[in-house]
Amino acid sequence: MSERYRKSEELHLRALKTIPLGSQTFSKSRTQYPFGVSPYFITRGEGSRVWDADGNEYIDCINALASVTLGYNDRDVVEAVRAQLDSGTIFSLPHPLEIEVAEKIVEMVPCADRVRFGKNGSDATSGAIRVARAYTGRDRVAVCGYHGWQDWYIGSTTRNQGVPAAVSELTHPFTYNDIESLRRLLTQYPEGFAAVILEPVNVVAPADGFLQEVQRLAHEHGALLVFDETITGFRFANGGAQEYFDVIPDLATFGKGLANGYPLSALAGKAEYMRLLEDVFFSFTFGGDTLSLAAALATLNKLTREPVVQTLWQRGEKLSNGLDRLITEHQASHIIQLGGLPVWSFVLFKDAGTYLSSEIKTLFLQEMFARGILTIGTHNISYALTDQDIDKILAAYSEVIPILRDAVRSENLREALRCDPLVPLFKVR
């Protein structure tokens, strides 16, 4: 047991006795954090910082899997939640906050005529697929990206245990920026697809005309276009990636940045499709919980009142440009590269020398955690991140990149690891 992470590891071993994997979320578990060199429990957050169970302080580049956009313990959000707490959290009838937040989303998001709430991104994406199937009378779905844990999506990945084959067979992955891969699917099953769903952007930017052609093809084949904006929503622009790229989907889903970490998601779209939710079953006891709605209203008001998104871009560009410079300076482009766009960027690891990318990433995490940077290889920029924080992140990169380069060059990477290397979580089927 390591001294730096002793309490975290003790808590992890205790958790394993009652919680499968020791975590509620795969992405917060030892599948992503190598045992022996990682923190496992966070006890407090403030602004851009978090503290683990051992009291170690980190600049957080993960921000609760991109759900904390403003920063931890944001004053405006906290005050709104505290004020609402005095009045109650859930009632026997809807609360006016449901209307206020829905109206704010309609005001901000181009495709939104109507809005319904869930708790997780998976709720919203599954609702979108159900609406698309009801509207078109079709069953098949074309997918690109990650869209949650529900059967209709996860059955298309290698994490498909427990998913009926009949369900898995209705979901068909296509490749981002490869329009022909989508065209082949839609042509293979004429009048078979209810929806084309994708994250409008992820580790690479859309090629010129790609999103527009996806929209054209979907409509040409009678399918609805769904943008999964669980992460990109309220991050790339106040109206999401659809506003940033000027491609307006039929339906869109939102989640992580909607309420600055409070559990709330939204399915939004054009009235023609959303009216089906008067009959299509999409219903949650806690969909209208007032604490999350109060947090969402405070978050959305702050987005429209302050230069939040502009600041995310500015901070992200400083970090991305600095990292690109360090990769070049240390001659490490054969090992790592930067992906994504500044507000949501990725450190991408490559197989290099005799080592797999997962082994190189493990050493990267080991060394970044030790330097007080919490990362899983993404930069989920928050409004609370300061220029000084970015300087510290880049200072850590300036030390860690040469360590990776030299470990690959000298073929002593496994000796440098104080843990077992990670194994990829899942792959698209």
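**View 1. Aspartate 289 and a polar contact to leucine 291.** The side chain of aspartate 289 lies 3.2 Å from the backbone nitrogen of leucine 291. A polar contact is a pair of N or O atoms within 3.5 Å; within protein, one must be able to donate a hydrogen and the other to accept it, and residues adjacent in sequence count only if both atoms are side-chain atoms. This is a predicted model, in which local features need pLDDT of at least 70, side-chain atom pairs count only at pLDDT 80 or more, and totals for chains, interfaces and linings use all residues. Residues are numbered from 1 along each chain as its sequence is written, and side-chain values use heavy atoms, with hydrogens and water left out.

View 2. Aspartate 289 sits in the loop between α11 (271-274) and α12 (290-305); helices (H or I, at least four residues) and strands (E, at least two) are DSSP runs, numbered from the N terminus. Its relative accessibility is 11%, so aspartate 289 counts as buried (under 20% relative accessible area, 1.4 Å probe, protein chains only). Beyond neighbours within four places in sequence, aspartate 289 is in contact (heavy atoms within 4.5 Å) with Thr89, Ile90, Lys119 and Pro263.

**View 3. The open sheet β11-β12-β14.** Three strands in this order form an open sheet with antiparallel pairing; two strands pair if DSSP finds at least two bridges between them. β11 (336-341) and β14 (378-380) are the edge strands, each with a single partner, so one side of each has no neighbour in the sheet.

**View 4. Pairing of β11 with β12.** Six antiparallel bridges join β11 to β12 (residues 344-349). Glutamine 337 is opposite leucine 348 in β12.

Note on methods
Buried means under 20% relative accessible area, exposed over 50%, partly exposed in between (1.4 Å probe, protein chains only).
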